[in-house]
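Subject: Model for your files, with notes on salt bridges

Hello,

Here is the structure I said I would pass on. My notes on its charged side-chain pairs follow below.

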Amino acid sequence: MRNFYLLATVLYFIHHGNSEEADDCFPSEFLESVSMSVKMTKAGFHRDLQYSVQWGEVHHDVKALLLHKMPSGVYMDEYQLQTLRHDTGLEVLLDSKVDLEAPEYLSSGFSALVFLSGSHEATVPVHGRYHRPSDSGQKWVKVDIEPPRLFLRSDQCETLSGASHHHHLHHHHLHHVTSEAPCTIRNQSLCSWLEILHLEDPGAVSLEIPVGDSSMILSVCVGTVLTAALSCVYLLRTIWRHGTF
């Protein structure tokens, strides 16, 4: 995992700009056919993110990669992900070490790289963090997760490596740019990936997490102390009556 933390950050900083030369590999008709959906399923603190990427016919193999930035209100369990990789083939890498026990207000966001293969679908477990108790009577907090970024590449295409036109990078009409990222989940080398920018926005997904009521802290503490004291008195009285000294 340590090597990944170093390599994954490259994805944020190395951009090759407008990859016009990639048209030979990914023609405009193909790019226009690409679509992505993200859904949140299950309830409570433990949810599933369901990803699906679809595209039209193309005469070579295409690999997909999702870069999904997660807020501090949720986490992914790297040990659970390792088990799922062994059991189901799920391929997810995290860009940093994630503290599984920390509450939301002591946590940082992180990013997940989801490698899609086969049916180009994946189901990734995500978990809600405990939030700071509310002093306004609020019982739930909403955590929004923005859509991921989508990247494509093909082992049969070599044109991406030569696409480096920096002066077009910031033009809004661009449909795609290239970035460096790990080639596979094995994370042993970097490849050029084509980022798809013209996708229809699937919208953010969200989950609601219950929060405590800080206005109840005093009454809860008093009740707990009284219950403990009465229990001790009862136990001492019982021991005094029935005990042998």
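Lys63 and Asp155 form a salt bridge, with 3.7 Å between the closest N and O atoms. Lys63 belongs to strand β4 (residues 63-70), while Asp155 sits in the loop between β10 (149-153) and β11 (176-182), so this pair ties together parts that are 92 residues apart in sequence. Please keep in mind that this is a predicted model.

Both partners are partly exposed: Lys63 has a relative accessible area of 25%, and Asp155 has one of 47%.

Asp155 has a further partner in Arg153, where the N to O distance is 2.5 Å. Arg153 is buried, at 7% relative accessible area; the cut-off for buried is under 20%. These contacts belong to a network of salt bridges that links Asp61, Lys63, Arg153 and Asp155.

Another pair to look at is Glu195 with Arg149, whose side chains meet in a salt bridge at 2.9 Å, N to O. Glu195 is in strand β12 (residues 190-196) and Arg149 in strand β10, so the pair ties together parts that are 46 residues apart in sequence. As for accessibility, Glu195 is buried, with a relative accessible area of 7%, whereas Arg149 counts as partly exposed at 27%.

How many salt bridges does the structure hold? The count is six, and the pairs described above are among them.

Regards

Conventions. Residues are numbered from 1 along each chain as its sequence is written. This is a predicted model: local features need pLDDT of at least 70, side-chain atom pairs count only at pLDDT 80 or more; totals for chains, interfaces and linings use all residues. Side-chain values use heavy atoms; hydrogens and water are left out. A salt bridge is a side-chain nitrogen of Lys or Arg within 4 Å of a carboxyl oxygen of Asp or Glu. Helices (H or I, at least four residues) and strands (E, at least two) are DSSP runs, numbered from the N terminus. Buried means under 20% relative accessible area, exposed over 50%, partly exposed in between (1.4 Å probe, protein chains only).
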